[in-house]
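Colleague: I am new to reading models. Could you walk me through a pocket and then a strand?

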Amino acid sequence: MPTRTLAQRWTTLVVLAATLTLVFSGCSPVPRRYLWIAEPGVTLTMLSTDQRPYVGKVVLLGGTITEEEQNDQILFLRLKNRPLDQDYKPHRPADLESAEAGSYWVMVPKQQVPPKYRGWARATVVARVTGEQRLQTEPVLMLLYMRGWGATGNHAGLWENINPNYVPSVPVGTHMKN
């Protein structure tokens, strides 16, 4: 067998293996570090009914930005809920009159606002439950991460709330061995 044909087959196999690896591993819209810490199965209905069991916990929700308010340091975004599918992508709820079709608020420091978020048609939200409510039943969450999609595929982007004052450290009682 000629060397060139063997090299072409080898290259084809490597490209095929790489492509299949990417396809089957998937590209999640949410980084794993957030999936690991998020409370599984929490819905807007659960948060609107009684958010006390979830205060301080991380949740995953979907939504469409419908309103914004701001003060000197914080931007509040109101999102119309869009339940997430198994790939963490938001979709309209089956019943537009149900509690699952309600709204919630996320807050984020103004210095971390991405320039194109107003063009996002829908978003996947990772946030911490604060225990606060606006308009009597709409939970307020502290944004950790948001993945947005534009209506035409444009304006897609990411938003991560990074606190520069937070430096992870090892607890004093923990002994690390190399």
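Colleague: How much space lies in the second largest pocket?

Modeller: Rolling a probe the size of a water molecule over the atoms shows where empty space is left. A pocket is an open set of points on a 1 Å grid over the protein atoms alone, where a 1.4 Å probe fits, with protein on both sides within 12 Å along at least five of seven lines. Here the second largest pocket holds about 260 Å³. This is a predicted model: local features need pLDDT of at least 70, side-chain atom pairs pLDDT 80 or more, while totals for chains, interfaces and linings use all residues. Residues are numbered from 1 along each chain, and side-chain values use heavy atoms, without hydrogens and water.

Colleague: Which residues lie nearest the centre of the second largest pocket?

Modeller: Lining residues have an atom within 4 Å of a point. There are 17, and Gly-41, Val-42, Thr-43, Leu-60 and Leu-84 lie nearest the centre. The lining has ten nonpolar, four polar and three charged residues. Strand β1 (residues 58-70) gives the most, three residues.

Colleague: Why is strand β5 largely enclosed?

Modeller: Strands are DSSP runs of E, at least two residues. Buried means under 20% relative accessible area (1.4 Å probe, protein chains only). In β5 (residues 138-150), eleven of the 13 residues are buried, so the rest of the structure largely encloses it.

Colleague: Which strands does β5 pair with?

Modeller: Two strands pair if DSSP finds at least two bridges between them. β3 (residues 103-109) runs parallel to β5, over three bridges. β4 (residues 120-134) is antiparallel, with eleven bridges. β6 (residues 157-160) is antiparallel too, with four. In β6, Leu-158 stands opposite Arg-147.

How values were computed: Grid points are joined across faces, edges and corners, and a volume is the space filled by probe spheres set on the points. Ala, Val, Leu, Ile, Met, Phe, Trp, Tyr, Cys and Pro count as nonpolar, Asp, Glu, Lys and Arg as charged, and the others, Gly among them, as polar. Buried means under 20% relative accessible area, exposed over 50%, partly exposed in between (1.4 Å probe, protein chains only).
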